[in-house]
Every structure is written in C-alpha cells, then in structure tokens.
Amino acid sequence: AETPTVEALADPSTMCVGSETNLFAVGSHASVTLTSQLPKVWVGDILCTDGTTVHPENWPCNEVAMGVVFYVDNTGEHGWAVDLEEIPNKMWAISNQNDIPALVNFNSGRLAMTDMDGYTNTLLIRQSGTFDEYEAAYTVNFEQGWYLPAAGQAYKLYVEQIKVNNSLQLVGGDIVQLDSFGSCWTSTEISSNRVWVLNNALSFSEKNYPRIV
C-alpha cells in the first residue's frame, strides 16, 4: 500500500469551494499548493487528484479520487493516505542477502512499530540500487509523493482497515486485505535478508518473496 502525506489547512467553506493546502512527502522539502473543501481531514476521507478531500457522504462529486485517508493527527489537519491501487507480486529485493547500511534495522516488532518515516526509508532503498534490485520501492510513484509505508504507518492502516475499505469500495479502489491471506510490504528492514510485513499482525518476510505494494 503506497502512502502519501496530506496536510490541510482549516477551511470553513462549503463542499467544492476550497482554501490552499499542502501535499508533501515526509522527509522532503518538496510541496505543492492544493485545495481542500473540508474544514479538517478525517479518516476515510477521499483524497482527490486536485488535492481536495471529500467526505464519503458527499461522494460522488465532480472530482477524481486518488487515495483514501487512513490516519490524521490530533490537529485534524495532517495525515496519511493510501493509494487506490494494490500492486501484487512484487519483491522487496531481488537479493536476499543485501543489508542497506543507511536503513535502521528494527529487530523486534515493538521497535518496528515506532518507525513512521516511510518516505526516508523508501528514498534510501531507491538510492541503494535499481528497479531490478529493489522492485517494491520502485513500483511506487515516488516522484508524486507516494512511498512504501514504514511498519508503524502500515499498522495504522490496519487499525482503520474497515473505514478505509468502505471508502475504497465507494470509489472503486482495491480493498485492503491485511489478513492471513494477504500481506503488504513495509519499508522497515530487519536484517540483510528480512523485512517487516503486515497481514493480520506485524510479521517478517524474506526480501525476495512476492508480496503486495
């Protein structure tokens, strides 16, 4: 599940009349001015291609969906969204014995849950090799702010899975299935040959096994 970050400024205006907001990637300095028609962003809101966010009750609207918000901080103005498209059968790395020195190795699930910087993780993975070497990290549209979620981010998606899936189904997106039958990659590394993945719990996987982005 790709993960972008959305920042929205409070706006008292009505639906489809917006104020300026910023869509940006965590850890980067790049940002783009967008608009939002809601006073605040809520889990389950639909993130649109023009940067607006639409509450599910107000869908359909004259907008094009690009993601669904799965986390908002306690200000109600900053959060993360998951892409509409699920990409199956991608390996984290072609080599199962390649530790990325710049990535912190989290050797316990408790510690891995504290990793919230999927943007920097994905950047470091991509800087370490090519698409053929690190398939999952290159599958995401990184230039547009999407990245592999860190373990802590992926868990937050798992917590809000039902609400997010309701909105994904509403806009025709791929349903997130984090259970014993489906697991997604995180960008949180354990060792040279293992990475954290999320299904119905946080677990680990060999890097050269095909899983969901």
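**Arg126**

Arg126 is buried, with a relative accessible area of 13% (buried means under 20% relative accessible area and exposed over 50%, with a 1.4 Å probe and protein chains only). This residue lies in helix α2, residues 118–127; helices are DSSP runs of H or I with at least four residues, strands are runs of E with at least two, and both are numbered from the N terminus.

The side chains of Arg126 and Glu143 are joined by a polar contact of 3.1 Å (a pair of N or O atoms within 3.5 Å, one able to donate a hydrogen and the other to accept it). Beyond its neighbours within four places in sequence, Arg126 is in contact with residues including Tyr138 and Phe142, where contact means heavy atoms within 4.5 Å.

**Basis of the description**

The model is predicted: local features need pLDDT of at least 70, side-chain atom pairs count only at pLDDT 80 or more, and totals for chains, interfaces and linings use all residues. Residues are numbered from 1 along each chain as its sequence is written, and side-chain values use heavy atoms, without hydrogens or water.

**Helix α5**

In helix α5 (residues 161–171), the buried residues are Gln161, Val164, Asn165, Ser167, Leu168 and Val171. They lie on the same side of α5, because they cover an arc of only 165° around the axis, taken from the directions from the helix axis to the C-beta atoms. The buried residues of α5 pack against β4 (46–48), β6 (65–72), β7 (78–83) and α4 (151–159). Exposed Ile162 and Gln169 are on the face turned away from the buried side.
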